[in-house]
Amino acid sequence: MNYFSGKTGPPCSCYWYFKKPVVSCRIICLLFSLTILGCVANAQSNNGGNCPISRVDPSTCNYEIGLSVVAILTTLVFLYFDIYIGRLRDYALEKKFITIDIIVAFVHVLLWFIGFWYLFNRWSESDRSYLKGFIIDNVKCGLAFSFISIISWGTIFGIGIIRLRVVSHTITYEDGTSEAEHLHSSRAPTYVISNSAI
């Protein structure tokens, strides 16, 4: 049974869904995470299963691979929720989802920032003389996309702040409908609830 059954407005269209800026950013984050996962895992497998980024600390590759997997799963979950966010009649519930989205995005920004500098420092200190050229290219590609992931997740965080402010200023009525729905309705509202501003 769908939890959102009866809580949303009109059915979701593909055009409405994919034109949302946050959806575009999530798809970009998903592609970046898949690229990082593929580059680092491929470099490690072609290096005999040893982490090519650091021979001293093999957990360096595990951190990057694990973070990529978590980012992929997180992105897929929120891409599903984005089908309903923006169509919910319960603006308090929508505000909770957006708040969670902001927190998750901030955590990912922090983790990718830590991961990038951790990998960059290990890579700069490592001996690359024994590595093949394509392995070095894979590692550099993983490092580059790790840095870009900080920006992409930061963009989601910024969009989330804007969405939260919009929802907080939205006027809703006691029957759960929005101000826009009442403007196109012949019924007169009986009671108005205005969410507090941030």
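This is a predicted model: local features need pLDDT of at least 70, side-chain atom pairs count only at pLDDT 80 or more; totals for chains, interfaces and linings use all residues.

Biologist: Which residues line the largest cavity?

Modeller: The lining is made of Arg26, Phe78, Phe81, Asp82, Ile85, Phe97, Ile98, Asp101 and Arg163. Helix α4 gives the most, with three residues, and α3 and α4 each supply at least two. The space inside the largest cavity is about 40 Å³.

Biologist: What makes aspartate 82 and arginine 26 a salt bridge?

Modeller: Their side chains come to 2.5 Å, N to O. The cut-off is within 4 Å, for a side-chain nitrogen of Lys or Arg and a carboxyl oxygen of Asp or Glu, so the pair qualifies. In general, side chains of opposite charge can pair when their charged atoms come close.

Biologist: What does the pair of arginine 26 and aspartate 101 tie together?

Modeller: Arginine 26 lies in helix α2 and aspartate 101 in helix α4, so this pair ties together parts that are 75 residues apart in sequence. The closest N and O atoms of arginine 26 and aspartate 101 are 2.6 Å apart, again a salt bridge. Both of these residues are buried.

Biologist: How do you know that aspartate 82 and arginine 163 form a salt bridge?

Modeller: Their closest N and O atoms are 3.7 Å apart. The limit is within 4 Å, so the pair passes. Aspartate 82 sits in the loop between α3 and α4, while arginine 163 is in helix α5 (residues 133-168), 81 residues apart. Both aspartate 82 and arginine 163 are buried.

Biologist: Which residues are linked in a network of salt bridges?

Modeller: Arg26, Asp82, Asp101 and Arg163 are the ones in the network. A search of the whole structure finds four salt bridges.

Biologist: One last label. Why is leucine 31 called partly exposed?

Modeller: Leucine 31, which is in helix α2, has a relative accessible area of 48%. Buried is under 20% and exposed is over 50%, so leucine 31 falls in between and is partly exposed.

Key:
Residues are numbered from 1 along each chain as its sequence is written. Side-chain values use heavy atoms; hydrogens and water are left out. Helices (H or I, at least four residues) and strands (E, at least two) are DSSP runs, numbered from the N terminus. Buried means under 20% relative accessible area, exposed over 50%, partly exposed in between (1.4 Å probe, protein chains only). On a 1 Å grid over the protein atoms alone, a cavity is a set of points where a 1.4 Å probe fits but cannot get out, and a pocket is an open set with protein on both sides within 12 Å along at least five of seven lines; lining residues have an atom within 4 Å of a point. Grid points are joined across faces, edges and corners, and a volume is the space filled by probe spheres set on the points.
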